[in-house]
Amino acid sequence: MENPLPRRLKAARCAARLTQMQLGQRLGMDENTASARMNQYEKGKHAPDYQTLWRIAEVLDVPVAYFYCDDDALAELICLLAKQPPTTRTELLVALDTNQTSR
C-alpha cells in the first residue's frame, strides 16, 4: 500500500499556495536546506517525525490525521470536520452514530 503522506503533503502545500522553500522557512528550517528537505518529504524519501508533521499541519491549516488517511474522501471529510466548531463536530458525531445504530 502506498504511503499517503507525500501526496497529501504536496496537495496541502499547493492548496496553501506555498513553495517547498516557503513552507520549510515557515517551519524554521534554514533557507539553504528548506526546499530540499520538503522535497524529500514530498518524494517519500524521508518522513517528518510527528512533531514536525504537527507543525506542518499547523502551517498548512489541516489536521495531522489528513496526512495519514489513505482514503481520499475520508481525508477531505477530516479537513472539513476540523474546520467546524466543537459543538458542530459533536452534533455530527451523534447524528452519524444514531444513523449507524438505527440500521
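Buried here means under 20% relative accessible area, a cut-off to keep in mind while looking at this predicted model.

**View 1. R13, a buried residue in helix 1.** Helix 1 runs over residues 5–15, and R13 is part of it. Is R13 buried or exposed? Its relative accessibility is 8%, so R13 counts as buried.

View 2. Zoom in on the side chains of R13 and E42, and you'll find a polar contact of 2.4 Å joining them.

**View 3. Inside the largest nonpolar core.** This core has 21 residues, and L9, L23, M38, I56, L60, V62 and F67 are the ones touching the most other members. Which elements give two or more residues to it? They are helix 1, helix 3 (34–43), helix 4 (50–60), helix 5 (64–68) and helix 6 (72–82). Helix 4 gives the most, with four residues. As a general note, nonpolar side chains tend to be buried together in soluble globular proteins.

**View 4. A closer look around L9.** Skip the neighbours within four places in sequence, and L9 is in contact with L23, M38, Y41, E42, I56, L60 and F67. E42 is also the polar-contact partner of R13.

**View 5. The stretch with a UniProt label.** In an unreviewed entry, UniProt lists residues 9–67 as "domain: HTH cro/C1-type". Over these residues the chain is 66% helix and 0% strand. The end C-alpha atoms of the stretch sit 7 Å apart.

Note on methods. Residues are numbered from 1 along each chain as its sequence is written. This is a predicted model: local features need pLDDT of at least 70, side-chain atom pairs count only at pLDDT 80 or more; totals for chains, interfaces and linings use all residues. Side-chain values use heavy atoms; hydrogens and water are left out. Buried means under 20% relative accessible area, exposed over 50%, partly exposed in between (1.4 Å probe, protein chains only). A polar contact is a pair of N or O atoms within 3.5 Å; within protein, one must be able to donate a hydrogen and the other to accept it, and residues adjacent in sequence count only if both atoms are side-chain atoms. A nonpolar core is a set of buried Ala, Val, Leu, Ile, Met, Phe, Trp, Tyr and Cys residues joined through side-chain atoms within 4.5 Å. Contact means heavy atoms within 4.5 Å. UniProt positions are given in the numbering used here, feature names are shortened, and annotations may be inferred rather than shown by experiment.
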